[in-house]
Amino acid sequence: MIFSKKLISWYLQNKRSMPWRETTDPYRIWLSEIILQQTRVAQGLPYYLAFTEQYPTVFDLADADEEQVLKLWQGLGYYSRARNLHTTAKYVANDLNGVFPTSYKDLLQLKGVGDYTASAIASICYDEVVPVVDGNVYRVLSRYFNISTPINSTEGIKEFKKMAIQVIDPEQPATYNQAIMEFGALQCKPQNPYCIVCPLNESCESLQKGTVTSLPVKLKKLKVKKRYFNYLIFSVNDRQTIIRQRTGKGIWQNLYEFPLIESDKDVDLEYITKHSIVKDIVGEVSYDISVYKEEFTVHKLSHQHLYTRFYIIRTDEIPKIDEGSKLVPIDEIKEYPVPILLGNFIDSFFKV
C-alpha cells in the first residue's frame, strides 16, 4: 500500500538515532516500551540508559530489590509500571529461564504488557505482523483517513485497530511500526503539523477537508479530583527525620513519604497542630512548627491534582515512632524512593 511505503521511506530518511533501535533484544525492547509509555522520548531516554547500565540483563533486574527499582524509576511517574516491570522480570528470569515469549499472544500474558507493548515487541523482535496503536498512530490514522470516531471509545479502539491491521506492511512490520510512531511524533504532530511538506499531503483526507486540527477526537476525561496533602517534615536535632512507606493500591504504592495529613479542603496551621497525627507523634515532646511556604505546591496527575503544603516540625527530642515509620538520618534521605513531588522538596529543603 502506498501509505505504508511512503511512511517507511520518510522514516528511513528522518528517524532519530535511539539506542533501542540498534537492537532486537526483547529485554531491551520491552524495557524501552515500558519506560516510554505515557512518557516523552527526551524524558525517557536517560532512564533507559540508567536501567540498561545498572541492569544489563533481565536476570540483573529480577535480582534487584523493589526499592532499588523504584528509586531508579523516580521522576517517571505511573509507578505501577515500575512494579510491573520488576514482577515481569522475575517471572521471565525465574519461570521462563530468561527467554521472553516470542508471539504477540503470549507476550500479552506478561504483567504490565498490553496490546501496544506486545505488538511492538512481537514485530520488532520476531517480525510478527501485528500493528502498534498508540497516541501517535491514532493521530496519523484519524487524520489520513478523516476518522472522527473518538479514539478512547470502545467503538474507536476496535475501528482503529482494524484499520491499523489493514495498512501495516506485512513484509516489514518492524520498520513500519516504528515509522508510523516516529511520523506521528515528528511530522504529524498534535499542534501545528507540517502539512505543507508532508509526504502524504496529496492523499490525506483530513487535509483535503480541512479537519486536521479537530482530529483525533477524544471523549472528555473524568472530572479531576482535588486532594489536599499536608506533609509533616520532622527535623530532630537537625540530623534526623521521619518517613513512612505508602501501602495499599493508591498512588505511589511502596514509595516513601513524610507523615501525611490529608484533608478535603485547605487547612491552617492551627488545624495541623491540633490533629491527632501530630499529637500521636510528638506526645509530650516540645517542638516548634512552621509552614515551609504559604502557597500550595500543585502536583498534577492524570485524574487528580494534589495541593500540597509542608509543615516543618523542629525538636531536640526523639518523637514517638510508630510501627510503620522510620527515623532516618537526613543525609541518607535520598537513598529512599520517593514521589518526584517529595524529591523536589528534599532537594530544596534538606540540600543533602
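Which residue just after α15 takes a positive phi? That residue is Lys351, with a phi of about 50°. The structure described here is a predicted model, in which local features need pLDDT of at least 70, side-chain atom pairs count only at pLDDT 80 or more, and totals for chains, interfaces and linings use all residues. Residues are numbered from 1 along each chain as its sequence is written, and side-chain values use heavy atoms, with hydrogens and water left out.

The C-alpha trace spans about 75 × 50 × 30 Å along its principal axes. Of the 352 residues, 50% count as buried; buried stands for under 20% relative accessible area, exposed for over 50%, and partly exposed for values in between, with a 1.4 Å probe and protein chains only. Among contacts (heavy atoms within 4.5 Å) between residues at least 6 apart in sequence, 67% join residues at least 24 apart.

Helix pairs come next. Two packed helices are described by the angle between their axes and the distance between the axes. Axes are lines fitted to C-alpha atoms, for helices over the stretch in contact, and angles run from 0 to 180 degrees between N-to-C directions. Helix α1 (residues 2–14) and helix α11 (residues 173–186) have axes that come within 8 Å and cross at roughly 70°. This makes α1 roughly perpendicular to α11; angles of 65 to 115 degrees carry that label, those under 35 count as roughly parallel, those over 145 as roughly antiparallel, and the rest as oblique. From α1, the residues Phe3, Ser4, Leu7, Ile8, Trp10, Tyr11, Leu12 and Asn14 meet Thr175, Tyr176, Gln178, Ala179, Ile180, Glu182, Phe183 and Leu186 of α11. Sorted by class, this contact has 11 nonpolar, four polar and one charged residues. Here Ala, Val, Leu, Ile, Met, Phe, Trp, Tyr, Cys and Pro count as nonpolar, Asp, Glu, Lys and Arg as charged, and the others, Gly among them, as polar.

A second pair is formed by α3 and helix α5 (residues 66–73), which pack at an angle of about 150° with their axes 10 Å apart. The two helices are therefore roughly antiparallel to each other. Tyr47, Ala50, Phe51 and Gln54 of α3 meet Val69, Leu72 and Trp73 of α5, and the residues of this contact divide into six nonpolar, one polar and no charged.

Tyr55 lies in the loop between α3 (41–54) and α4 (58–63). With a relative accessible area of 4%, Tyr55 is buried. Leaving aside residues up to four places away in sequence, Tyr55 touches Tyr27, Asp60, Leu61, Ala64, Gln68, Val69 and Leu72. The C-alpha atoms of Tyr55 and Val69 are separated by 9.7 Å, with the two residues 14 apart along the chain. The side chains of Tyr55 and Gln54 are joined by a polar contact of 3.3 Å. A polar contact is a pair of N or O atoms within 3.5 Å; within protein, one must be able to donate a hydrogen and the other to accept it, and residues adjacent in sequence count only if both atoms are side-chain atoms.

Another buried loop residue is Ile168, found between α10 (154–167) and α11, with a relative accessible area of 8%. Beyond residues up to four places away in sequence, Ile168 touches Val129, Val130, Pro131, Pro173, Tyr176 and Asn177.

In strand β1 sits Arg227, which is buried at a relative accessible area of 14%. The Arg227 side chain makes polar contacts with the side chains of Glu262 (2.7 Å) and Gln304 (2.8 Å). Strand β1 (225–236) also takes part in the packing of α15, whose buried residues pack against β1, β3 (256–257), β6 (297–300) and β7 (304–315). Those buried residues of α15 (residues 340–349) are Leu341, Leu342, Gly343, Phe345, Ile346 and Phe349.

Finally, the structure holds zero disulfides (pairs of cysteine sulfur atoms within 2.5 Å). For Cys188, the nearest cysteine sulfur is that of Cys198, 6.6 Å away. Cys188 counts as buried at 12% relative accessibility. Cys195 is likewise in no disulfide, and the sulfur of Cys198, the nearest to it, is 6.5 Å away. Cys195 is partly exposed, with a relative accessible area of 23%.

Technical notes. Helix = DSSP H or I, 4+ residues; strand = E, 2+ residues; numbered from the N terminus.
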